[in-house]
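Please look over the sequence and the structure below before reading on. The briefing that follows takes up domains, charged side-chain pairs and a surface patch in turn.

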Amino acid sequence: MSKLGEYDGPVLEIDKLSISFFTRLREIPAVMDFSVAVQPGEAVGLVGESGCGKSTVALGVMQDLGVNGRVVGGTIKFKGRDLAEMSKEELRDIRGNEIAMIYQEPMASLNPAMKIGKQLMEVPMIHEGVSKEEAYARALEVVTDVKLPDPERMLNSFPHQLSGGQQQRIVIALALMSKPSLLILDEPTTALDVTVEAAVVELVRDLGKKYGTSMLFISHNLGLILETCDRLCVMYSGEAVERGSIEDVFDEMRHPYTQALFRSIPLPGADKNARPLVAIPGNFPLPHERPPGCNFGPRCDYYMEGRCDEGYIPMEPIEGNDRHVSRCLRFTEIDWDAPIELGEQTEKAKPGKVVLKMDHLKKYYEVAANALFGGGDKKVVKANETLSFEARESETLAIVGESGCGKSTFAKVLMGLETATDGKIYLGDEEIQDVPIENRSTQTISSVQMVFQNPFDTLNPSMTVGRQIIRALEIFGVGANDTERKQRMLKLLDLVKLPRAFADRMPRQLSGGQKQRVGIARAFAGDARIVVADEPVSALDVSVQAAVTDLLMEIQRENKTTLLFISHDLSIVRYLSDRVMVMYLGHVVELGTTDQVFAPPYHPYTEALLSAVPIADTSIEKKHIVLEGDIPSAMNPPSGCPFQTRCRWKDKVAGGLCDTQLPPVRTLGGKHQIKCHLSDEELAGMEPVIKVAAE
Amino acid sequence: MGLFILRRLGVMILTALCLTFIVFYLTNLYPNLEKLAKTQGNFRMSDEAVQSWLGARGYMEPLPVKYGEWLGVLPGYVNEADDGKITGRCIAVNMAPEDAPTFCGVIQGYWGNSTVFKDSVWNIVSKRLGLTGWLMLAVMMVMVPGALILGVLAGMREGSKLDRTLSTVSIASTATPEYVSGVIFIALFASSAVGLKWFKGTATSAMDDITWVNFTLPVITIALYGMGYIARMTRASMTEVMTAQYIRTARLKGVSFPNIVLKHALRNALIAPFTVIMLQIPWLLNGVVIVETLFNYKGFGWTLVQAASNNDIELLLGVSVVSVFVVLLTQLISDIGYVYLNPRIRIS
């Protein structure tokens, strides 16, 4: 079971690959005319929105397309050998041995009923026929390599006993067990928190160097690709549209789609008022409804009738660059350096009177230690600790933090789904902290509304869109009769820029972005004064995100709504918020205006968060800070400062204060609050994390 | 774990108390007692005679008192007849009243006497339970492995020809009730109609000595009926597991197909059918009535029918106590087994 012999050429060579899925109705082409080559030791990124066929390419390489999928054209060569011509046994030798894969959801990718050690040991035992003892030694070594604490205990645990970040490290270890020549990573960090993501990405990069592994890195996140890859391939609707080195594609893009993609993501410098994002118009074409000619044509700014919609468009090399190709007929004609046509510029809204005030809000949960059978000791989960802030009319307050920091609990208390343990919430003059939602007045309910994270699950699948909005109007007591409510519903659809005909559609007929628009319409149905948006765009594709964000901003401006924007994505937070609140383990560690929070002095946690966010801009230099370990459990928080277990500044504080005392809230001037023991000199001496390199 | 089992045992005893009280109440309704008096005594008894007959046997006491006596927490009734003869619950036929114990109930191991079989309930229940126990054991040994193999084979490649064939077989077997399949089997394998006289059409002799010849047909008849059901459950669970991402992980790790099924899928796929299998045991205990009658095998189900049709109060109570305990015990085993199959659930 040895590896394939040495081969000089590219590790992976995909040539004019076409893959189709066959249903009873029709053949659905998922990938068309796709070519890419991965050289030894090289990392190639594959970028595109969901449904563009990037995962299908990965499964095609693994020859695991399922019953319905079939390669209908082209070849996939691995080390010079055509994978399609291999027998089942040969393929099995290659899988896991020569080509390994890392998946999107680590929890689902590990067998829940098998100990981790056994799952790891299986790989060398199958491929190299080694003994159990040797396989165990190898597993131990690899688990140490992926920097997991206490490797022996890890090998003896079941997957559910590990945190998400640890599980992903195990999946990486699984892939590295037999030192493969090619590693395929399919959105490996999408399910992880940003600081964990940064650590995992660093690990993958280091291990790639250490073992000399070639990588095919699939992601929708351009920033991540920039940090990990040497070359990249942009996919749109089943085709590669642009391919080249990272520098070429990022700085001298030659395809309109790539350009539009970059313009729709919030980079530092984008500002909701002065330089708004440019959303890509229209929707992603369904695989069986692709336009003739250029797939991107209908959404392209440079579209020319009679040229772009006529027949096949080949990939053409770009003069002067290294292996840089683009699938665009007009790339030589377009002036790529033309300044971005600025979108509508708007005045910065003036914050009005205080609408919402939180005063030392606390929320503790009691959980039985023995959850399954009751009894036993009660444990207290401190989900929110002394939360105090104010939010004003037409202000956007962003709440930032990783999973488990208490941002969702806070939203639940505000909405009335939970009642507060202690402290006060004032909505206007009214105290609402102890009023559960069933006892709230219609007016209170309609004035505090929420836009949810996942638009796919929050709409009733068996009710038309219009009916769902009317239902909300009925509950909020808007309109005297059905006709009035219907009129109001149609106006709401206009407000969220959906065609009125959508009122009679079922949610399943809508795309993700359209569903989220319905969610927004529902939230604004009763003229909400406060809208809590819980990661409203994180489930959407990049090109749709910008449009939905803009819509939210626009409605906010018109209605003078207070927007509480919960997110972990600092890029978008910087783009749209007026003030930012950073939370960690139930504590507010930093609170200030966007400029204050995004510039030094930082709270050490904010600093790490900023460093962890991948930014898709080659001109940006970032300080490299990687947090060790996972977020501690809220059930058993560390003593003293909640962040002390992962803080890199801890030794700068004299007397071990961080271990013993919770830092007080300090005001650094201009209402910039920070919860840290660091001295003023230390804070003043902090360097900015993100620097725009001098050109 | 120990604490968990103790707690569950406590719940079991409480449930058993409640259920037996309900059965006790229903069997001790006056019309039942009247019928009992008339069948045991004389069909032409007057109402007064019935009253005194029942009174002399302690049946006219208040219900809680009677229940307490049956349990053995209250002293048994003692009745002195007009002729000075002392009878009582705890006084056996040839026993001096002074030697008799004060308490005699389930707790003391005295389950009463069956009026139909003229024997102590304990003897009858233990004997019949033993007989049905053998039948159940044989059925489980055929049914469970058969059903699991059928289900796993069908579920590992959803939609394949093997899947369709096996699914049809399991649906057909579940859709055929025992009284149909039993009769067909007897006609095919035990009668001169076809001529294949491989097995016996009656299992009466199996009560003393179990052989292939006399035991195969009843076992197969029950097993086939239950097998399809478990096989369908296993297949559903298996197809779901086979589409899970960790199976893809295993496949792309280079694991061969038989190993994927055996090492990765099987344990996960068994979690759901396990509960169903454990639920089959109480069903078998009473559900074998038809087959026991068909093959004339006088087991537990047959006893239950006899007790019910003859209003044999003490025997009915004994049978129901045993049934309750079997049901609760299998649930306990199923909960514990579940923990071992599914590592995500941990007790304590």
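## Domains and charged contacts

Chain B is divided into two assigned domains, with domain 1 covering residues 61-110 and domain 2 covering residues 121-341. Taken over C-alpha atoms, the centres of domain 1 of chain B and domain 2 of chain B are separated by 43 Å. The model is a predicted one, and the salt bridges it holds over all chains number 23.

**A salt bridge between chains**

- The side chains of B:Lys253 and A:Glu122 form a salt bridge, with a distance of 3.0 Å from N to O.
- Because B:Lys253 lies in the loop between α9 (245-252) and α10 (257-269) of chain B, while A:Glu122 lies in helix α4 (residues 116-127) of chain A, this pair joins two chains.
- B:Lys253 is buried, since its relative accessible area is 4% and buried means under 20%.
- A:Glu122, with a relative accessible area of 7%, is likewise counted as buried.

**A salt bridge within chain A**

- A:Arg488 and A:Asp527 meet through their side chains in a salt bridge of 3.5 Å, given from N to O.
- This pair links distant parts of the chain, as A:Arg488 belongs to helix α15 (residues 482-495) of chain A and A:Asp527 to the loop between α16 (512-523) and β19 (530-534) of chain A, the two being 39 residues apart.
- A:Arg488 counts as partly exposed, because its relative accessibility is 24%.

- B:Lys38 counts as partly exposed at 22% relative accessibility, and B:Glu34 counts as partly exposed at 23%.
- Elsewhere, A:Arg467, A:Arg471 and A:Glu474 are joined into one network by salt bridges that share partners.

**A negative surface patch**

- A:Asp230, A:Glu247, A:Asp251, A:Glu252, A:Asp335 and A:Asp337 together form a negative surface patch.
- One of these residues, A:Glu247, has its place in helix α10 (residues 246-251) of chain A.
- A:Glu247 counts as partly exposed because its relative accessibility is 49%, whereas the term exposed is kept for values over 50%.

Notes. Residues numbered from 1 in each chain as written. Chains lettered and ligands numbered in written order. Predicted model: local features only at pLDDT ≥ 70, side-chain atom pairs only at ≥ 80, totals over all residues. Heavy atoms only, no water. Patch = residues over 30% accessible without salt bridge, like charges linked within 9 Å, V, L, I, M, F, W, Y side chains within 5 Å. Areas by Shrake-Rupley, 256 points an atom, 1.4 Å probe, with all protein chains shown as cover. Salt bridge = Lys/Arg side-chain N within 4 Å of Asp/Glu carboxyl O. Lys, Arg positive; Asp, Glu negative; His and termini not counted. Charge placed at Lys NZ, Arg CZ, Asp CG, Glu CD. Helix = DSSP H or I, 4+ residues; strand = E, 2+ residues; numbered from the N terminus. Buried < 20%, exposed > 50% of the residue type's maximum accessible area, 1.4 Å probe, protein only. Domains from an automatic or database assignment.
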